[in-house]
Amino acid sequence: QIGCTRRKVQQIPDKLDIEKQATFKQDTLEPLIDRAQRQEIHLVFLDAAHFVLRPFLGFLLCFAPLFIKASAGRKRYNVLGALDAVTKELTLFTNFTYINSLSICALLDKLKAHYADGRPIHIILDNARYQKNKFVQAHADHLGITLVYLPAYSPNLNLIERLWKFVKKKCLYSEYYETFTDFKQAIMDCIAEADGAYKQELASLLTLRFQTFENVTL
């Protein structure tokens, strides 16, 4: 009798540098988390979610054709967020057009005003062009904020990515919104409950443990 182990298979980007990601986690991310927990610095994770008014289908098994209402149009609601690693407090910048370098700088200004106790601010973020450019970096330097860029293809090391997935699951999947106003309000209501109705669920989701990958040959 031959036994086997059932394991979940996950896809990862083929351009991901696994060693670079592991080194960043060990040498940069974990020391920053340790300093934040000791209240030496403020550490936040920054990312934008681009919510588009369209169908977000859940799972359905059906042996006959089934027609359901789907939202029409492509209106966009952009939510740029900065999630505090320790307190899980969320600072937001929103618009209905596009997130760009000016949006990033506006959020940096809000963070500088919010964290007014003099502790250094470190921000973990990805390499999107509107985030990693001379304009944003110069503004961060002016504010005394340190930008810490993730290795390429490393959403698994950005804590706020888990929050955006949670929001989609809670209020968008298998939901129909007749108007864009209803759609936007559902998103903001869900985010507003992060420290309320969803606090317990998010406490186990937003832990400071980060998944890393290993090279596997199939």
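Helix α2 (residues 101-114) lies across β1, β2, β3, β4 and β5, running at about 150° to β3. Here, helices (H or I, at least four residues) and strands (E, at least two) are DSSP runs, numbered from the N terminus. Angles go from 0 to 180 degrees between N-to-C directions, with axes fitted to C-alpha atoms, for helices over the stretch in contact (heavy atoms within 4.5 Å).

This is a predicted model: local features need pLDDT of at least 70, side-chain atom pairs count only at pLDDT 80 or more, and totals for chains, interfaces and linings use all residues. Residues are numbered from 1 along each chain, and side-chain values use heavy atoms, leaving out hydrogens and water.

**The sheet**
- Five strands form an open sheet in the order β3-β2-β1-β4-β5, with mixed pairing; two strands pair if DSSP finds at least two bridges between them.
- β3 (90-95) and β5 (145-149) sit at the edges with a single partner strand each, so one side of each has no neighbour in the sheet.
- β1 and β4 (residues 121-125) run parallel, joined by four bridges.
- F45 stands opposite I124 in β4.
- Like α2, α5 lies across several strands: β1, β2 and β3, at about 10° to β2.

**The cores**
- A nonpolar core is a set of buried (under 20% relative accessible area, 1.4 Å probe, protein chains only) Ala, Val, Leu, Ile, Met, Phe, Trp, Tyr and Cys residues joined through side-chain atoms within 4.5 Å.
- The largest has 39 residues, and L43, F45, F51, W164, F183 and I187 have the most contacts inside it.
- A second, separate core of 21 residues includes L107, I123, L125 and L147.

Notes
Buried means under 20% relative accessible area, exposed over 50%, partly exposed in between (1.4 Å probe, protein chains only).
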